[in-house]
Number of protein chains: 2
Amino acid sequence: MKRGKVTMSDVAQLAGVSPMTVSNVINNRVKVSDDARERVLAAIRESGYQLNPSARNLRSGRSGVIGLAVPQIGNAYFGMLAALVIEEARRHGYHVAVEQTGALAKGEAAAIAQSRRLQLDGLILSVVEIDSPAPLVPTQGYPIVLLGEQDLAGRFDHVTVPNEAGTAAATEHLIDQGCERIAVVTGGDLDRLTMITRRYNGYRAALEDRGIEPDPRLRFTLDALSWEGARSTGRRIADSGLGVDGVVAFSDTVAMGVVRGLRDRGVSVPDDVRLIGFDNVPESAVFIPSLSTVSPDHRWKAAKAVDLIVSRIADPALPPRQYTAPFAIIRRESTA
Amino acid sequence: MKRGKVTMSDVAQLAGVSPMTVSNVINNRVKVSDDARERVLAAIRESGYQLNPSARNLRSGRSGVIGLAVPQIGNAYFGMLAALVIEEARRHGYHVAVEQTGALAKGEAAAIAQSRRLQLDGLILSVVEIDSPAPLVPTQGYPIVLLGEQDLAGRFDHVTVPNEAGTAAATEHLIDQGCERIAVVTGGDLDRLTMITRRYNGYRAALEDRGIEPDPRLRFTLDALSWEGARSTGRRIADSGLGVDGVVAFSDTVAMGVVRGLRDRGVSVPDDVRLIGFDNVPESAVFIPSLSTVSPDHRWKAAKAVDLIVSRIADPALPPRQYTAPFAIIRRESTA
DNA sequence: TTGTAGGCGTTATCAG
DNA sequence: CTGATAACGCCTACAA
């Protein structure tokens with residue numbers, strides 16, 4: 001077990017074969033006789049050989065690094081996502097360079113430029129702002145995988161979450177818990193087919209499916225896209241006099257604000273109103289009350305995104321592929 | 001402006017010099033005539049040349065990647081720290097590979113092994129658990145920079161935070177705000193010279209400095225190292241009947257729990273009790289009330305840690321160096 | 001001050 | 001199935 005810099009030639013010599021055969025064994029490229037393979041593997045073990053990535057990268061013309069652009073790595077959700085992507089990328093022998101977009105369309109576009117400039121082999125882009133394919137089209141030819149809510153018309157590799165199905169399941173969960181007057185908290189603009197629209201549609205579909213007539217008054221538009229906005233929306237729900245006994249929020253963050261707003265008015269979750277969120281961010285488990293939520297399989301998402309980027313780097317000509325993550329309803333105190 | 005793979009030779013040809021001269025210009029190594037330098041720089045601009053890091057790394061025997069091991073990248077504080085380290089490392093041409101230790105001594109040790117296995121050029125280790133040099137000694141020779149509270153007896157490169165001075169300044173801030181019965185919330189064990197002990201010492205020093213006799217009953221030991229533990233400690237403070245009008249908490253996380261515990265008893269921050277934390281984690285600004293806190297200069301820490309690791313990689317024989325970050329008292333609602 | 005030769009470790013290619 | 005050769009792009013050492 002030598003220290004440090006053992007090369008393929010060393011291994012080859014030890015195994016009594018050529019360096020090429022060692023390379024072939026390591027990459028299971030062409031057929032190698034069982035005999036030779038055995039000897040090479042033994043020599044690798046014995047010598048403690050480690051492939052030198054720089055040499056491989058030089059040969060292959062790649063950098064061995066993929067980019068991951070997220071809005072804010074200081075946000076628990078994206079931190080967790082980054083950790084998962086890093087882990088999955090490592091399985092494929094890639095390092096991950098993390099960029100922050102600041103949740104700005106400009107930042108998202110800049111991440112792409114930056115990624116190319118740094119000679120990263122590809123980019124996993126967690127899109128939240130860019131909502132038309134236009135700014136991404138000039139990047140054709142550079143491997144990009146979209147990870148997020150925006151759809152972008154099927155032109156790119158894309159891993160998304162089960163917006164309709166997840167929210168429908170969440171709504172049904174509330175119905176199963178006995179709720180009859182289920183409010184929904186959405187963003188303002190339901191004209192475009194955004195993530196928010198999709199989630200709203202899931203809510204309606206579930207109600208109709210269960211034979212409940214959707215009451216338009218039960219749709220509450222967020223006062224502002226902030227924690228405070230969610231809080232004041234919670235107060236409005238409490239003040240509405242509509243007999244709300246269940247709330248579907250389009251994200252856990254919004255859900256927490258709503259809980260706070262309800263409590264401002266003395267309305268308790270889950271005693272008076274049951275409430276469910278979406279995303280299963282880490283805080284949801286420790287929030288008081290802990291939040292029931294729609295939990296897309298985050299690890300699955302990360303693994304799929306990495307698979308996609310790796311295969312696209314290998315073959316840029318592949319047609320665009322779209323995947324939707326599996327999900328589960330996580331039952332916690334807020335719908336108990 | 002060619003696309004893609006422009007090499008040094010291309011630039012050299014364009015500038016009418018040898019590749020070596022281009023290399024020398026890029027690295028400002030030896031003396032290059034102004035004339036040649038001009039022409040090379042022009043050629044670089046014109047061709048859009050980019051250095052190929054894989055080739056350089058192969059030559060230099062390095063990987064161009066440094067490790068950063070933190071307890072939990074999903075934690076906002078460490079997410080922010082990671083972002084800063086990544087940014088600073090990029091200035092030096094390094095990529096960062098993020099590891100998670102799970103805040104386990106075992107994980108911290110594993111990160112070192114992993115870092116070597118992945119052939120990272122060095123490791124910035126955010127230590128929270130390892131508290132003796134022993135487990136780190138076998139790594140002598142591998143470039144490691146410690147970033148965190150543990151001291152480890154001056155054997156390693158180390159960037160730390162102003163534990164005593166920061167807490168003293170926090171305590172003085174409360175005194176300046178008119179507080180006279182200032183409680184301190186600490187961890188249990190003040191025998192070893194841990195971060196918590198240092199912060200407690202800063203509190204006492206400030207009181208004595210201002211001629212206030214420390215009252216031992218005003219030291220509250222955390223019921224448990226958790227949000228809930230901090231919360232119940234807050235309730236104990238409210239129930240103590242000691243006339244507490246100020247609280248120094250040894251971290252922002254603890255501070256938030258204490259605020260909650262005080263409010264459980266109808267005690268308002270800052271109206272009834274003023275309170276200050278330590279760390280300036282991102283949530284502190286959005287917490288209600290927003291938290292006054294001791295804010296070590298996080299960017300400075302990141303920059304210094306990167307400087308240290310880069311210089312140590314360059315010269316492993318350097319003596320160990322220790323730095324303490326500058327800090328500021330951030331005044332927010334909780335001490336208004 | 002500038003240039004030439006050679007090699008870092010790996011792998012594509014093609015001959016054996 | 002295996003191996004010799006060359007090349008990826010850069011930089012150390014030495015020569016001019």
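Helices (H or I, at least four residues) and strands (E, at least two) are DSSP runs numbered from the N terminus, and a residue is near a molecule or strand if its C-beta atom, placed from the backbone, lies within 6 Å of it. The model is predicted: local features need pLDDT of at least 70 and side-chain atom pairs count only at pLDDT 80 or more, while totals for chains, interfaces and linings use all residues. Residues are numbered from 1 along each chain as its sequence is written, and chains are lettered from A and ligands numbered from 1 in the order in which they are written.

Around DNA strand D there are 25 residues, of which Lys31(A), Ser33(A), Met8(B), Asn52(B) and Ala55(B) come nearest. By class, the surface near DNA strand D has 13 nonpolar, seven polar and five charged residues. Here Ala, Val, Leu, Ile, Met, Phe, Trp, Tyr, Cys and Pro count as nonpolar, Asp, Glu, Lys and Arg as charged, and the others, Gly among them, as polar. DNA strand C is surrounded by 26 residues, and the closest are Met8(A), Asn52(A), Ala55(A), Lys31(B) and Ser33(B). Two or more residues of this surface come from each of helix 1 (8–15), helix 2 and helix 4 of chain A and from each of helix 2 and helix 4 of chain B. The surface near DNA strand C divides into 13 nonpolar, eight polar and five charged residues.

Helix 4 of chain A packs against helix 4 of chain B at an angle of about 140°, with the axes 8 Å apart; axes are lines fitted to C-alpha atoms, for helices over the stretch in contact, and angles run from 0 to 180 degrees between N-to-C directions. Ser54(A), Ala55(A), Asn57(A) and Leu58(A) make this contact with Ser54(B), Ala55(B), Asn57(B) and Leu58(B), where contact requires C-beta atoms, placed from the backbone, within 7 Å.

The contact between the chains takes 25 residues from chain B and 25 residues from chain A. On the side of chain B that touches chain A, helix 4, helix 5 (76–91) and strand 2 (95–100) of chain B each supply at least two residues. Helix 5 of chain B gives the largest share, six residues. This side of chain B comprises 15 nonpolar, ten polar and no charged residues.

The largest nonpolar core has 169 residues, and those with the most contacts inside it are Ala82(A), Val85(A), Val258(A), Ala82(B), Val85(B) and Val258(B). Such a core is a set of buried Ala, Val, Leu, Ile, Met, Phe, Trp, Tyr and Cys residues joined through C-beta atoms within 7 Å. A residue is buried if 20 or more other C-beta atoms lie within 10 Å of its own, exposed if 12 or fewer, and partly exposed in between, with C-beta atoms placed from the backbone.

A cis peptide bond, with omega about 10°, joins Val269(A) and Pro270(A). Pro270(A) is in the loop between helix 10 (252–264) and strand 9 (274–278) of chain A. Asn28(A), a residue other than glycine, has a positive phi near 25°.

Conventions: Contact = placed C-beta atoms within 7 Å.
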